[in-house]
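Take a look at the model below.

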Amino acid sequence: LDVRKADYAAIESQLDGQLRYGSSFYRMISEGVIEEARRSGFRTIVRCIRKDHVNSPDFIRSLHEDGIEGLIMSGVYAEGLGDFIMDCNIPMVLADQMAGAGPVEITTDNLEGISIAFDHIYGLGHRKIGFIRGDDNPAYRERLVSFIYKMAEKDLDVRKEWIYEGQNNVLATSEWCSKLIKAGKRPTAFICSNDYGALGVIRAASDCGVKIPSQLSVIGFDDIETSTLVTPPLSTIRVPQYEIGRRSVKELVTTMGNGHSEQGFQCRMRLTPKLIVRESTAKA
């Protein structure tokens, strides 16, 4: 999200269908950005680009030609993010993105979120627990590390065949989980690094005649709008998306006030997630 100083609190949003309707998660972040920018006297321009185009010279050149004063990056993790940070000499903040160097990062506490989810599942009596990681996103790596730590803390075995690492979508997760269920040796609960993975587990269970939550408990992460629309409604970890957007603007204004982005210094702000218990988890 590009920001420019305005004499009035105008908002110019150029949202494509994917951002506006396809992902409630990123929409809530963008709404937090737009509202806080308005309060601070900035106008926002929302641009949606493919993740493999993030470090395109044309994209970077367009930012400078349009006179963008500050930039907030959010969305699906892109492999070229690090190169973009090095090449783009514009004050920047990463909203729910993790690069590990350069701009301030405003994200949720991934370690604490999985810890909360694990404690909920463990408290229900589950000891055979699987994990849905998804793709090689830095945030998902952190969530897997937290899961392994919590399992070790309770002296529980981490079974590699119960951990899904692959494409981060409902269909791919569902296909993997269906094979596991049909093999006859499955966990009694899954902790998922995102809600799409959890929806994949629910779909697989339905296809295989496994009842949720009486035969298999599932908990997600993010609390997207779809979490309340599935049957049964999904227990999940709520990420403070709107607050991530607001805090990102506050940090960007500070960075812009410094006159440049400190690429050699990196600070990460983690916001506390919250357990949301619905109907997809139950006693083992």
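Strand S6 (residues 129-134) and S8 run parallel and are joined by four bridges; strands pair if DSSP finds at least two bridges between them. This is a predicted model, in which local features need pLDDT of at least 70 and side-chain atom pairs count only at pLDDT 80 or more, while totals for chains, interfaces and linings use all residues. Residues are numbered from 1 along each chain as its sequence is written, and side-chain values use heavy atoms, leaving out hydrogens and water.

**Strands and their partners**
- Helices (H or I, at least four residues) and strands (E, at least two) are DSSP runs, numbered from the N terminus.
- Across from Cys192 in S8 you will find Ile132.
- On S8 there is also a parallel pairing with strand S9 (residues 217-219), over three bridges, where Ala189 has Ser217 as its bridge partner.

**Two covered faces**
- In a regular strand, side chains alternate between the two faces of the sheet.
- S8 (residues 189-192) has Ala189 and Ile191 on one side and Phe190 and Cys192 on the other, all buried (under 20% relative accessible area, with a 1.4 Å probe and protein chains only; exposed is over 50%, partly exposed in between).

**The nonpolar core**
- A nonpolar core is a set of buried Ala, Val, Leu, Ile, Met, Phe, Trp, Tyr and Cys residues joined through side-chain atoms within 4.5 Å.
- The largest one has 55 residues, and those touching the most other members include Phe190, Ile191 and Leu216.
- Helix H8 (residues 195-207) gives the most to this core, namely six residues.
- Apart from this core lies another of 15 residues, including Ile68 and Phe84.
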